Amino acid sequence: MGKKEKGKPNPLGEVSRDYTINLHKAVHKETFKRKAPRAVSHIVRFAQKNMLTEDVRIDPQLNEAVWARGIRNLPRRIRVRLQRKKKEEDDGKGKYYTLAQYVPVESFDNLKTEITKQQ
């Protein structure tokens with residue numbers, strides 16, 4: 001059995017956080033017809049990196065928010081709630097998956113990453 005390192009908490013567990021993702025920076029210099037698909041894949045990569053899970057599931061409302069103005073006119077920023085949840089079924093890698101949901105906001109001024117209550 002391996003020893004637990006001092007001062008390092010277990011990174012996994014069910015948690016929910018709100019992030020602001022800058023899509024404009026993610027798809028800079030991308031061909032028009034690839035902008036929205038590239039933005040969705042950027043959200044998936046962002047969720048994998050920040051929530052430490054391989055399995056990321058995009059909510060339909062988030063997908064519609066990215067594609068709302070078409071394939072080439074994306075919103076510059078988008079607010080996303082990432083929830084790490086325990087898997088019910090036992091297939092594939094890992095015990096957790098991440099659910100990415102859209103959070104509508106009026107303005108992005110002074111928004112920080114927030115830990116939200118788990119539903």
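I read the order of elements first: from the N terminus, the chain runs β-α-α-β-α-β-β-β. That comes to three helices and five strands. Helices (H or I, at least four residues) and strands (E, at least two) are DSSP runs, numbered from the N terminus. I note that the model is predicted, so local features need pLDDT of at least 70, side-chain atom pairs count only at pLDDT 80 or more, and totals for chains, interfaces and linings use all residues. Residues are numbered from 1 along each chain as its sequence is written, and side-chain values use heavy atoms, with hydrogens and water left out.

**Whole chain**

I looked up burial for the 119 residues and found 33% of them buried. Buried means under 20% relative accessible area, exposed over 50%, and partly exposed in between (1.4 Å probe, protein chains only). The accessible surface comes to about 8600 Å², and 48% of this belongs to carbon and sulfur atoms. These areas come from the Shrake-Rupley method with a 1.4 Å probe; for residues, only the protein chains shown count as cover. Of the contacts with a separation of 6 or more, 68% are between residues 24 or more positions apart. Contact means heavy atoms within 4.5 Å.

**The sheet**

I then traced the strand order. Five strands form an open sheet, ordered E2-E4-E3-E1-E5, with mixed pairing. Strand E2 (56-58) and strand E5 (114-115) are the edges, each pairing on one side only. Two strands pair if DSSP finds at least two bridges between them.

E2 pairs with strand E4 (residues 96-102) in the parallel sense over three bridges, and Arg-57 stands opposite Leu-99 in E4. E3 and E4 are antiparallel, over seven bridges; here Arg-84 stands opposite Thr-98 in E4. E1 and E3 also run antiparallel, joined by eight bridges. In that pair, Val-15 stands opposite Arg-84 in E3, and Asp-18 has Arg-81 in E3 as its bridge partner.

Helix H3 (residues 60-67) touches E2, E3 and E4, at about 45 degrees to the direction of E4. Axes are lines fitted to C-alpha atoms, for helices over the stretch in contact, and angles run from 0 to 180 degrees between N-to-C directions.

I checked H3 residue by residue. Leu-62, Ala-65 and Val-66 are buried. Seen down the axis of H3, its buried residues fall within an arc of 100 degrees, so they line one face of the helix. The arc is that of the directions from the helix axis to the C-beta atoms. Pro-60 and Glu-64, on the other side of H3, are exposed. The buried residues of H3 pack against H1, H2, E2, E3 and E4.

**Glu-30 and Arg-38**

I located Glu-30 in the loop between helix H1 (23-26) and helix H2 (35-51). Glu-30 counts as buried because its relative accessibility is 18%. Its side chain makes a polar contact with the side chain of Arg-38 (3.2 Å). A polar contact is a pair of N or O atoms within 3.5 Å; within protein, one must be able to donate a hydrogen and the other to accept it, and residues adjacent in sequence count only if both atoms are side-chain atoms.

Arg-38 is in helix H2 and is partly exposed, with a relative accessible area of 34%. Not counting residues up to four places away in sequence, Arg-38 touches Val-27 and Glu-30. Arg-38 and Val-27 are eleven residues apart in sequence, with 6.6 Å between their C-alpha atoms.

**Arg-79**

The side chain of Arg-79 makes a polar contact with that of Thr-20 (2.6 Å). Beyond neighbours within four places in sequence, its contacts include Asp-18, Tyr-19, Gln-101, Phe-108 and Glu-114. Phe-108 is 29 residues from Arg-79 along the chain, and their C-alpha atoms are separated by 8.3 Å.
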